[in-house]
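Hi,

Here is the structure I promised to pass on. Have a look first, and then read on for what turned up in it.

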Amino acid sequence: MLKKISKFLSVALFIFHLPDVLLAVYFFILFRERSRIADHGILYVVAGLGVYFLVRIVVLSAGGNFFYTRRVRVIREIIEQFKKGRFAPQGVDIVGDDGLATVLKELVMVGRHLDNLVSTQRDEIDKFHELYQNIVFSISSYFVVMDDENAIVFANEGFCKKFQLDVDDIAGRGIEEIFYFVNARLKGGIDKVKKEGSSVILEKTHLLSVNKVSIIADIKISNILIQGRRQIILIIDDVTNKLRKDYQISLMSQISESIQSDMEIERVLYTILTGVTSGSGLGFNRAMLFLVGEDTKTLEGKMAVGPDSFEEAIEIWSATTSMTPVVQKDDSFAIESGKELLKGVLKARLSLDDDNVLVRALMKKTFIHVHDAFVDESVGDEIRELVDVKEFVVVPIVAINRSIGVIVVDNKFNQVPIGNDSIELLTIFSSQAALSIESFNSLVAVKKEMDNISRKQDAIVESEKMAAVGRIAAHIAHEIRNPLVTMGGYARRIVQQSKTLSKESGKTAVNISKAGSIIMKESERLEKILSNVMDFTRPSKYIKEFSSINDVISDTVDLLKNLFLEKKIQVQFDADGDLPLVKSDFNQIKQVVLNLIQNSIDATPTGGIIRVTTRAEEERVVLMVEDSGTGIDEEDPNVVFEPFFTTKVTGVGLGLANVKKIIKDHNGTIEVANREVGGAVFTVMFPVP
Amino acid sequence: MADKILIVEDEQHQRELYAMELEDEGYDVDQASNGKEGVDKVKNNKYDLVVMDIRMPEMDGIEALGKILSRDKKIPIVIYTAYSNYKSNFMTWTADAYVTKSSNLDELKGKIKEILTSRAS
């Protein structure tokens, strides 16, 4: 290098000083030849100097030009590098120490300084960018920026990932191309933002993408201005999981509420299946529920929820955007969509002896995931035809180690593959459902039991009431009886006395006798009534022996023979010859039969028919008294057994009450009903030990 | 000689009615207005039969019945009361008859006659 420079310098010096050397040689020659050119000496000097200066100028300018070109090149290089943003130029050497070189050197220094500044700034920017990136990534929200024409300008990675879109391919596509349907809420929201310029928040909106990814999201739509142009930004928060959790809790409470509020198992089952199919629930397209029948031999289709067609599915999905209450409180419990599916499922009766996928899941208490029902032979023809879908899952409903049914789910319409996580959720859900169904069933049982108890309680209350009535009646009866017998006794005496008197006093005595006998008879009637009341209220003591009801009836019919003849009533007695004996008080039962038949005679018009039937049934003896009379004109004919109920002018209304009391004391029952052909039928049942 | 009957009854009109009716039947009738008086009368006199009411002031018929029978086990007593429920009181079983009061005295008269006849024979 040094050699090169020194060579270069020596050449330059040589070229630079060559004219001087030539000038010196010229003057030396001129001095030697001064004699020959004496006359023209001055001319040679001038000419020589002239040539020298000419050459000098040429040499100088040539050298200057050389250095100039070199420097311009350096400057150009620097500028080139500056243009590229490299403020610290590389491979530039500035030769010399003249003014230009100094300026250039300063320029390079300024450049380096600038470079420092820029790189610090770039670091800042990089840091900020990283931070920004981190922030964007850490936000779970999805961003979509659209232009005025609803074409996508930008969408963040989360969005593309969620909806399985290509990040590079998204720009320029319309929002309608991304989502399978832009539902009315989203569209309305975007339009509103465009029109009014304000932000809109859409809560719990169902979004379904073209490739059938479905989420429920809170969407914020706002205007932004970028370089004077208006754009729409959508911030989409996926709330599906949160909603699902909330929903599952609210669903369980809804189910238990529906169990408590109404006793319709259909509604409970519907609520359960809605939970399985709702977007905010487990999100399956369809769900079917089968329960083991009461005979424990069949699996019966009980309920199904899900659309019948893709159009219906879209309709449902667009409608159920938010968590609208699933269970309608009103009584018009009607299933609007999926009627065909429901019909098909309700008809299904599967024998537990059959071998199909439903029965297997039930028996093994484990879920079965069918991937291709059209190929899988273990599905069973009946099931294949019923579900009519390629992929489905059967989950057993197990309550306390006992399979009570199965839930079948599929994604028939959006054909989303059924993932293990969904199955897991469904399994959990089904065990909750099992508890609901079980608690419903036990609730029904409890209610039945409670009805029983309340009936018994009613009976107790009734007997308490009776006892109270009895005590009062007894008291009154006794208090009245004494003065009554006194009155009646004297009246009787008047009648007797006036008889002996009549022989002498004639007409007056007859009148007295008449009046007396009226008092006497009326007292007797009152006494009879009181006797009835006292009989009814008297605590009964029975002497119970095994006796034949048939004998009692024959006796009684005999006793009443005259009455039948009098009213021309035909009596039929259909006795069961094999009637077991009933442990009873013969006289009391006689009283019962007497009262019942007498009652029938009273109710039956002349020429009517009374039929008495006895029949042996399992562990009891049935006695029926039918008449062709007027029947009982009451909403509940059994009111006739209430004390003091009477339609007769003369009766007290204790006859049938007494009958009921006696039968009750024999642990039997009595009921009355109106016959369709007219008249009443009394049915008495006695237990047979 | 006519049989002597004591009527123990607190209600004056009833007592007098029975007395009249039984006298008409040919009995010799004495009256007492409560149990205590009845017991005293049995102590001091000889009766062939006592007709005894139960609900009476001072001493009721059941107590009087006990007192009379403890003195003389043989004297026949007919309980004549408006209350049929005393039948369940075993003390009344010691009486010879239990007749429920009625304006028609035929039953009472019948019982008295029956008892006295059976005694006479």
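To start with one thing you can check by eye: what order do the strands take in the open sheet of 5 strands in chain A? The order is E2-E1-E5-E4-E3, with antiparallel pairing. Strands here, like helices, are DSSP runs numbered from the N terminus (E, at least two residues, for strands; H or I, at least four, for helices), and two strands pair if DSSP finds at least two bridges between them.

Before the rest, some housekeeping. This is a predicted model, so local features need pLDDT of at least 70 and side-chain atom pairs count only at pLDDT 80 or more, while totals for chains, interfaces and linings use all residues. Residues are numbered from 1 along each chain as its sequence is written, with chains lettered from A and ligands numbered from 1 in the order in which they are written.

The two chains

Chain A has 18 helices and 18 strands. Of its 689 residues, 27% are buried, where buried means that 20 or more other C-beta atoms lie within 10 Å of the residue's own, exposed means 12 or fewer, and partly exposed is in between, with C-beta atoms placed from the backbone. Chain B has 4 helices and 5 strands, running β-α-β-α-β-α-β-β-α from the N terminus on. In chain B, 36% of the 121 residues count as buried.

Taking contacts between residues at least 6 apart in sequence, 62% of those in chain A join residues at least 24 apart; for chain B the figure is 58%. A contact means that the C-beta atoms of two residues, placed from the backbone, lie within 7 Å.

Where they meet

The contact between the chains takes 19 residues from chain A and 15 residues from chain B. On the chain A side, helix H13 (420-505) and helix H14 (507-537) each supply at least two residues, and H13(A) gives the most, with 13 residues. By class, that side of chain A has 7 nonpolar, 6 polar and 6 charged residues. The classes are: Ala, Val, Leu, Ile, Met, Phe, Trp, Tyr, Cys and Pro nonpolar; Asp, Glu, Lys and Arg charged; the others, Gly among them, polar.

Strand E1 (residues 142-146) and strand E2 (residues 152-155) of chain A pair antiparallel over 3 bridges, with A:Met146 opposite A:Ile152. Their hairpin has 5 residues between the strands, and A:Asn150 takes a positive phi near 65 degrees there. E1(A) also pairs antiparallel with strand E5 (residues 229-238) of chain A, over 5 bridges, and A:Val145 has A:Ile233 as its bridge partner in E5(A).

The 6-stranded sheet

Chain A has an open sheet of 6 strands too, in the order E8-E7-E6-E11-E10-E9 and with antiparallel pairing. Strands E8 (349-351) and E9 (368-370) of chain A are at the edges with a single partner strand each, so one side of each has no neighbour in the sheet. E7(A) and E8(A) run antiparallel, joined by 3 bridges, and A:Thr298 has A:Ser351 in E8(A) as its bridge partner. H10(A) packs on this sheet, touching E6 and E7 of chain A, and its direction makes about 170 degrees with that of E7(A).

Which residues of helix H10 (residues 339-347) of chain A are buried? They are A:Leu341, A:Leu342 and A:Val345. These lie on the same side of H10(A) because they cover an arc of only 95 degrees around the axis, the arc being that of the directions from the helix axis to the C-beta atoms. Their cover includes strand E6 (286-292) and strand E7 (298-305) of chain A. The face turned away from the buried side of H10(A) carries the exposed residues A:Lys343 and A:Lys347.

Cheers

Notes:
Axes are lines fitted to C-alpha atoms, for helices over the stretch in contact, and angles run from 0 to 180 degrees between N-to-C directions.
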